[in-house]
Amino acid sequence: MSERIVIVGAGHAGVSVAFKLRAYGYTGPVTLVSAEAVLPYQRPPLSKKYITDSIDMERLYLKQRALYDSEQIDLLLECRVEKINRENKCVALDSGELLEYSHLVLALGAATRCLPPEQGGQANNVYTLRTLEDAKRIRGEFVEGRKLLVVGGGYIGLEAAAVARSIGMQVTLIERDRRILGRVASAETAAYFKALHQRQGVAVREGVELASLERLDGRVVAVQLGDGTSMETDAVIAGIGVIPETSIARSAGLRVGDGIMVDSVGRTDDKSIYALGDCACFPWRGRRIRLESVQNAVDMADVVAQAIVGRRVSYQSIPWFWSDQYSTKLQIAGLNHGYAQVAVRKTAEDSMSIWYYDEEHRLIAVDAINDAKAFMTARRWLGDGFSPSIEEIGNISVPLSSIALSEQPDQIT
Ligand code: FAD
């Protein structure tokens, strides 16, 4: 039987698993299969500095080429796994080759949602932003004075809008929901970012749907909105979410819901197949979640690699995430799903933190805006299961450092 570990997908998750396997002493063959043609790279800079600044490619790569060789990680670029044969424990590549595995790791990521073709979503200057190729194509449209429509007020859309404004584009951002960041943040956090973008000159229009895109010679030239208004545009970026990549798992009979279903070590129903990162749905504190963040990809990779080499582990990390817009840094610790109330702690004109509590007054998440201290403290407290009172948090004359840890932390399980 083959001893080969095959990892499908070479984003943050797949690359981390490969190197962690070596760090935990696995000496057998490791093959990392990537559908993309370039060395594996970081995605976060693509919606930030990369669009306008020429970042050195070496700094975008997750690992330099030589490291794959020195760690004996067999990296197959521009190569897609088309099928998993669980009975024979092998995968079929698009080249027709079969690769046997002892363990298979699915780190397939997610695909961007596109605007429907009937709305004009297939025009040449309508973009989504997931890959280096996408970012390169968008870069060609980012020219001072041109008009950009951003569809979707999530983090990717807001970051792209910020970059476009920073080079003097005329930017309109539309959000179908009542407010931006509706799926991921409190009204207080959303209000901060809306005001920030408006101050920078972005036209933020909430509760407005895209009706259709008007084309000329294959390019969108104007946009009709659901409220009956229309506007000219030179390019469109759709930041309307992603769909986890699950197709090869589903056709292999693995359990799939909002992502590939795994247990607390990333293992699917098939004991020799694991899944992690953006494509995986896992148990966390009594429910199932799927996260789209670098932290989650890297932390799950650590757990998966340990499980494969036979260590007893389970995923216990406190999720965290960041977003950069203009010179504002947002850092998020924990998950605010189902929060009942928030406490706002404003420490300076441009720095504040929003503390989320559940129905039992337990702290579950914090959004820290230009406030690294609040973020670090919140991460520690969330890890300890400690909940400061809402009154203490709301009172800025009480420094965070003086809020004592209770002797018996209120552990969230
Ligand atoms: P991916 O990075 O998507 O990698 C999956 C890889 O698998 C892809 O290369 C794909 O082509 C390949 N693949 C899929 N199917 C196959 C197949 N059958 N055969 C071979 N290969 C296959 N997170 C943060 O925490 N902070 C941020 O500020 C932030 N900013 C972001 C900005 C942008 C523009 C984007 C797109 C994402 C951002 N994220 C951010 C999210 C973060 O980048 C992702 O959560 C993370 O990259 C997920 O890693 P992954 O390895 O699970 O998936």
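This report walks through a strand neighbourhood and a helix in a predicted model.

## Ground rules

Since this is a predicted model, local features need pLDDT of at least 70 and side-chain atom pairs count only at pLDDT 80 or more, while totals for chains, interfaces and linings use all residues. Residues are numbered from 1 along each chain as its sequence is written, and side-chain values use heavy atoms, with hydrogens and water left out.

Let's start with strand E2, residues 30-33. Helices (H or I, at least four residues) and strands (E, at least two) are DSSP runs, numbered from the N terminus. E2 is covered on both faces: Val 30 and Leu 32 are buried on one side, Thr 31 and Val 33 on the other. Buried here is under 20% relative accessible area (1.4 Å probe, protein chains only).

Strand E1 (residues 5-8) pairs with E2 in the parallel sense over 4 bridges; pairing takes at least two DSSP bridges between the strands. Ile 7 has Leu 32 of E2 as its bridge partner. E2 also pairs with strand E3 (residues 73-76), again parallel and over 4 bridges, and there Leu 32 stands opposite Leu 75.

## Helix H9

The buried residues in H9 are Ala 374, Phe 375, Thr 377, Ala 378, Trp 381 and Leu 382. Their cover includes strands E23 (320-325) and E24 (328-334) and helix H10 (390-394). Just after H9, Gly 385 takes a positive phi of about 75 degrees.

Definitions and conventions:
Buried means under 20% relative accessible area, exposed over 50%, partly exposed in between (1.4 Å probe, protein chains only). Contact means heavy atoms within 4.5 Å.
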